[in-house]
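Subject: Structure and pocket notes

Hello,

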Amino acid sequence: MSVIPSFMHESLNTNADSTDSIGSGWSWINEPIGISKASAFNKLGLFEQINTTADKSDYLWYSLSMNIKGDEPFLQDGSQTVLHVESLGHGLHAFINGKLAGSRTGNSNNAKVKVDIPITVVPGKNSIDLLSLTVGLQNYGAFFDLSGAGITGPVKLNGLSNGSSIDLSSQQWTYQVGLKGEDSGLPSGSSSEWVSQPALPKNQPLIWYKTNFDAPTGNDPVALDFMGMGKGEAWINGQSIGRYWPAYIASNSGCTDSCDYRGPYSANKCRKNCGKPSQQLYHVPRSWLKPSGNILVLFEEMGGDPTQLAFATRKMGSLCSHVSDSHPLPMDMWGLDSKTRRASNPTLSLSCPSPNQVISSIKFASFGTPLGTCGSFSHGRCSSAKAHSIVQKVCVGSTSCSIDVSTKTLGDPCKGVKKSLAVEVSCA
């Protein structure tokens, strides 16, 4: 059997009457830029991220304070200097004096990041805060345990007087493992710091969002549609439903209508959704949801609009099966004696996914040489005239049904030709 699903979208019904929600039903907390935890430490030079964080967080802050002399030419003529950063990956955000100056991420072919960001500094003290991030750890391939992450340098300021540069790599950096919000219990939604005002900040980096919502009615599987968000992580009732990154769009090229997984592995095999996010829907187990009073928490890293979030409940569009008269018998018949097996035929079986559903209609049925796949079946040059009525009589109104794939049951529209039965049904 194969299933073609459809997704029914509905708005995220936030509870705007909650004591910590006003107007839109959302509240928020800004994640501090740079060092904000007492556990921060100072070290000379640039440290690799995975060894430093010990996998406690996706994030590592690299922070540096430096003084710029007031007689630098670029300060006099208003020109900008350039911050050069090299990282093993997987991405970074650069903040200068508390403001986002630029971001860059690697890709699946090369996680390393090399970026030149024009920045504006002022005479005297300036702060450079680099937030390095990972999106999971490599777990296959040769020497995967030696693949590092984080900013290993060099980090330089280019474009100073007389075209010179300053290498900042060996200076004393301050490090902070993870985010303040992670240590403050924000993923669970418990904090007295949530801000509730009508002017919800949108499309800004490093913001925690929270709302209360009611679960979608029914028992169909539920997902959250994250279009409109940038990159981050989401929690429902304290349980992580994973990292989201719909702002990362797949290449427009490389997708094909046909797919063959056979042969050596390649990341370019069987590409889908070219020009779209690699993932848009994130499953929320029904067992994690209450009828009402559920808490959704987001950490938005790049900037997004949480009011665009929507539920997507998974409905079954079509249920299909395609079995030929040369298929083996069902496995539960393999133990029968040889005489009984010879008298038996391959079987096409269909079963609605939910116990309260029945097969409501037959979208397609053909016995002979049907073509296509589930959702796009068509009759071939050979097709039995009575296949549709037989399948309808056996299956409609039942939770499941089985049909012998044989000329005795379905007729013989073309003698001497191997035949198959293709069926597509709807459940309701």
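**Largest pocket**

The largest pocket has a volume of about 1800 Å³. A pocket here is an open set of points on a 1 Å grid over the protein atoms alone, where a 1.4 Å probe fits, with protein on both sides within 12 Å along at least five of seven lines; lining residues have an atom within 4 Å of a point. Points are joined across faces, edges and corners, and the volume is the space filled by probe spheres set on them.

The model is predicted: local features need pLDDT of at least 70, side-chain atom pairs count only at pLDDT 80 or more, and totals for chains, interfaces and linings use all residues. Residues are numbered from 1 along each chain as its sequence is written, and side-chain values use heavy atoms, without hydrogens and water.

Lining the largest pocket are 48 residues, with Asn107, Ser108, Asn109, Val135 and Tyr248 nearest its centre. Two elements, α1 (49–53) and β16 (239–244), each give two or more residues to this lining (helices are DSSP runs of H or I, at least four residues, and strands runs of E, at least two, numbered from the N terminus). Domain 1 (2–30 + 185–315) and domain 2 (41–177) each supply at least three lining residues; the bounds come from an automatic or database domain assignment.

**Second largest pocket**

This pocket has a volume of about 300 Å³. Its lining has 14 residues, and Asp220, Arg314, Met316, Ser354 and Gln357 are the closest to its centre. Strand β19 (residues 310–324) gives the largest share, three residues. At least three come from each of domain 1 (2–30 + 185–315) and domain 3 (325–427).

Regards
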